[in-house]
Amino acid sequence: MGGNVEIQIGAKLDQGDIDKALAVLTRQLNNLGQAIAQQNRVKFNPIDKSTLTDLQKVTAQFESLKKISGGLSQRLKATGQGGAGFFDIDWTKMYDDAGVRARQMRKAFEYVSAGTGAGFYSPAAPGGGGARPPSPPPPLPQPSPGTAWGRRVASSGLRAMGPAGGVADEALSAGLSGGAMAGLAGLAGGLLALGIGKAIGAVKEKIGAAQNDLIGYDTLKRTLGDVNVSFDALQRSLHAASDGIDVTYQEAQKLGTEFAKISGSNDAKSLAEEVLNGGGFGRSFGVDPGQSNAFFAQMRQSGVTHSPDDSRRLALDIGEAIAKSGAFAKADEMMQAVASYTAQQTRMGLTPGNATGFAGALTGLVGSHTPGLDPAGAANLLSRVNSSFAAGGNAGEAGQNYLYMTLGKQRGLNPIAARMLMEQGAFGTGAGTFGAGSLFQRWAQQNGVAVPGAVGSSETNLDSTLKSLRQNYANPWLRLDAMSNMFGINHNQAMALDAINPQQLGGLQRALSASGVDLSKMSSTGISALAQIASGGRGVLNSQTKDLWGQLSPDEAKRLDAAGKGGDEELRKALLELTAKHGQESTEGERTRKSIQDMDKNFMDAAGKMVGSLNDMRDVMLAVFGRRGMRTAADAHKAVIEGQRQDVADRYNERMKKAQASGSMSVDEYGRTLPGQEATMKAAQAEMNAAKAERDKALREIEAGDTPASSGQGANSAALPAWASQSASFPGASPAVAGRGPRNLRNNNPGNIEYGPLALSLGATGSDGRFAIFPDQKTGSAALDALLQRYGKQGLNTTAGIIGKWAPPSENNTSSYAASVAKALGVGVNDKLDLSDPAVRAKLGAEIARFEGAASAFTHPLPAGGSSRAGQSGSQDFNFTHEVVLRDTKGQQVAPASVVSTRVGAPTAFGSAN
């Protein structure tokens with residue numbers, strides 16, 4: 001289909017022939033309508049004159065009726081009228097019963113003539129009383145938007161335009177009172193007067209772009225793996241992201257495609273959030289959104305980030321680095337320096353490069369404003385230092401021995417482990433080299449090797465070595481020479497390293513957390529301002545107050561005013577929270593860009609709706625949309641869910657439409673099945689029930705966090721086999737469970753703990769895109785148990801409180817979850833639980849695992865050895881009660897039953913002491 005729609009009438013057709021055809025159609029409609037009205041004892045509303053659109057509509061709608069109504073099509077063929085036109089049908093051959101024939105003729109006529117202005121209505125009884133006329137037959141599905149539909153669209157659109165639109169809507173209503181054609185003519189004139197005619201022309205010009213948009217999302221869907229990727233959710237979420245960073249739909253699609261290709265990620269659900277974060281960061285610092293988007297995609301590829309939350313935290317650190325160094329005009333060079341280091345180091349060390357550590361050192365050097373230490377110069381210096389560490393020092397055997405002593409001996413590493421640490425370069429750490437998720441940890445597990453104690457160290461190799469050199473060389477000149485030799489740099493460069501300390505990043509994250517800011521709801525376009533607020537003085541705070549003031553609500557302005565009077569830190573906290581919500585200062589340039597983009601996208605939205613119904617363009621009279629407001633990652637995620645639900649609704653509506661059309665010709669006006677149509681009606685009802693069951697199941701899957709699988713429309717109503725509901729394995733999943741069973745069982749993560757620093761500290765080795773993957777069931781179960789113990793120590797000891805934190809209402813039916821768990825435990829949702837008791841945690845953990853997927857995913861880790869009571873450390877105790885009955889050889893009881901009750905410790909391995 002081409003990019004433009006041409007409607008050519010007068011240039012290629014003889015107008016006289018058209019007029020004759022329309023006159024015949026008018027006469028046929030009115031004659032047949034009058035005959036049907038008499039047979040059904042109703043009145044007929046004729047049309048004065050048909051249009052070319054009416055001619056096309058009647059023909060198309062008759063063909064549509066034959067396709068969706070199996071009963072009508074079969075009767076036409078059975079009576080030898082399969083090729084007859086609608087006005088040529090001999091209805092006496094179709095139905096023997098006169099009453100049935102009249103009703104079926106009326107149904108068919110109303111369907112075929114919909115939108116032409118012809119129709120029936122019931123006459124009032126004489127004198128206002130008398131017998132009540134028959135109820136009209138159940139309506140058939142409307143084949144296409146008609147005059148009434150168009151009227152509703154027009155009214156809604158015109159009213160949305162404000163006072164002028166309201167006047168136009170009232171004028172249109174008055175015009176319609178004189179007949180459908182008069183109303184349409186009045187509408188056309190009114191639209192021209194309002195300048196809407198030009199807008200509709202602009203919509204027409206966007207049809208080609210809208211088609212390319214759809215094709216592009218089809219390509220992106222395949223790029224992301226196709227299966228389990230919702231086309232509608234993908235398009236909706238990236239369209240929403242485009243609003244947050246003020247780019248066109250085409251640009252947002254390009255950003256999404258580039259992120260997927262560079263990062264290698266096929267996580268369709270988080271793609272819009274990543275684009276929103278990366279593009280918004282660029283907007284914040286005046287960098288092209290494509291460049292900043294590519295930077296965060298590279299960080300994902302290198303394993304520095306694994307999720308949108310990781311990307312948002314990294315964005316805050318890089319933003320803080322730019323602000324502290326003062327390199328706002330060179331923000332793109334700062335990002336390029338970090339990206340180059342990370343890519344090189346990750347490929348060399350096979351462990352994610354320490355991007356934050358490098359950025360901190362880069363910030364210190366650039367922020368010193370030393371000539372030659374601009375971002376490119378500072379990055380070059382740090383690159384040489386990094387390479388020298390990876391090579392074991394640049395001072396020969398003496399230098400290597402010094403590094404072995406500094407990095408190995410002090411951390412208790414053997415020579416090989418110390419060399420592995422050096423290979424991670426200047427910014428390598430013990431935690432990054434040997435910790436959770438590292439290549440070493442996988443290798444160590446496979447070979448039974450103990451993890452070195454250095455796994456707990458977050459100090460960089462460069463920091464450790466500089467500290468050691470300062471301790472061992474009291475003479476500054478000798479220390480400078482040693483640095484020069486060790487790192488393979490000149491003495492001036494060594495002096496810069498010795499004099500300039502790296503900046504510690506992460507302060508902005510902590511400040512936002514202290515202000516109660518939810519990062520998923522943070523406007524990424526405000527990161528530059530946030531970084532300056534976090535470390536700036538009163539002058540910076542006052543300036544940001546002025547910039548933000550015009551965007552605040554009265555309540556927000558009042559609160560900020562009170563904070564400003566209370567002191568710097570109170571003002572800083574309020575500004576952080578409000579800037580995270582509103583983003584950067586709104587300038588006239590920003591508003592101009594946004595208004596241009598919004599207008600373009602509104603035209604694209606309208607054109608997109610026309611792509612599927614170009615033959616009904618006359619009915620699409622107006623499409624006016626309101627202001628666009630989605631700007632945050634939470635909004636983008638919401639758009640994903642809405643898109644998934646829309647997919648389900650579309651499939652359901654299509655199946656229901658076909659089923660209803662199939663059964664509509666099998667009943668009379670009272671809903672009674674006609675003779676001989678029982679099988680057709682039964683099949684239609686079964687199909688409607690199957691469609692509803694499929695819809696309900698799919699919606700439940702969405703609520704549970706899984707995307708419903710795609711299916712052909714109406715092709716198969718059988719229930720999906722259980723095996724088909726199992727997801728594919730993910731990188732890092734345990735081979736023992738990969739690809740089998742519920743998600744918490746596959747991941748050895750009975751509680752579906754989200755991946756992040758907490759999960760890593762509990763032994764996680766990877767992520768499936770959102771939830772952590774643990775190396776075995778024992779580790780995952782211990783993680784769940786540890787969190788429950790932590791809750792108890794924090795005073796979170798009721799089922800309602802625990803489940804409320806575990807599964808927040810924002811994405812779960814928390815009350816139902818809590819009630820189910822409490823019932824299984826035999827307690828009320830607000831009853832206090834003793835989480836110091838292992839037995840309580842064991843039962844609670846099993847119920848959480850059951851609700852999260854499979855109770856079998858959780859095996860309570862029994863402490864080894866010793867005796868204890870509830871609340872004490874050590875092994876768990878068990879109560880055993882047994883009834884002993886003595887019987888003689890004939891089976892007769894010879895003594896009263898004796899009840900033996902005892903309490904024993906946890907079972908131990910065979911042969912171990914107890």
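Contact here means heavy atoms within 4.5 Å. The model is predicted.

On this criterion, and leaving aside neighbours within four places in sequence, Thr-545 is in contact with Leu-560, Leu-571 and Leu-575. Thr-545 sits in helix α28, which runs over residues 538-549. Its relative accessibility is 17%. Buried means under 20%, so Thr-545 counts as buried.

The largest nonpolar core has 105 residues. Those with the most contacts inside this core are Phe-281, Ile-318, Phe-358, Leu-362, Val-385, Phe-487 and Leu-512. Ile-318 is in contact with Phe-281, Phe-295, Met-335, Val-338 and Ala-359, again leaving aside neighbours within four places in sequence. A second core is separate and has 27 residues. Leu-25, Ile-36, Ile-47 and Phe-86 are among its members.

Helix α13 covers residues 268-285. Its 18 residues should span 26 Å, and its end C-alpha atoms lie 27 Å apart, which agrees. Just after α13, Gly-286 adopts a positive phi of about 70°.

Helix α17 covers residues 355-367 and has 13 residues. From first C-alpha to last it reaches 18 Å, close to the expected 18 Å. α17 is also mostly covered, with 10 of its 13 residues buried. The buried set comprises Ala-355, Phe-358, Ala-359, Gly-360, Ala-361, Leu-362, Thr-363, Gly-364, Leu-365 and Val-366. Of these, Phe-358 and Leu-362 are named with the residues that have the most contacts in the largest core. Ala-359 is a contact of Ile-318. The buried residues of α17 pack against α14 (289-301), α15 (308-325), α16 (331-349), α18 (375-390) and α25 (491-499). His-369 follows α17, and its phi is positive, near 55°.

Helix α11 spans residues 231-245, and helix α12 spans residues 249-263. The two pack at an angle of about 110°, with their axes 9 Å apart. Angles of 65 to 115 degrees count as roughly perpendicular; α11 and α12 are therefore roughly perpendicular to each other. On the α11 side, Leu-238, His-239, Ser-242 and Ile-245 take part. They meet Tyr-249, Ala-252, Leu-255 and Gly-256 of α12. The residues of this contact divide into 5 nonpolar and 3 polar, with no charged residue.

Notes:
Residues numbered from 1 in each chain as written. Predicted model: local features only at pLDDT ≥ 70, side-chain atom pairs only at ≥ 80, totals over all residues. Heavy atoms only, no water. Helix = DSSP H or I, 4+ residues; strand = E, 2+ residues; numbered from the N terminus. Buried < 20%, exposed > 50% of the residue type's maximum accessible area, 1.4 Å probe, protein only. Expected span 1.5 Å × (residues − 1). Core = buried A, V, L, I, M, F, W, Y, C linked by side-chain atoms within 4.5 Å. Axes fitted to C-alpha atoms, helices over the stretch in contact; angles between N-to-C directions. Parallel < 35°, antiparallel > 145°, perpendicular 65-115°, else oblique. Nonpolar A, V, L, I, M, F, W, Y, C, P; charged D, E, K, R; others polar.
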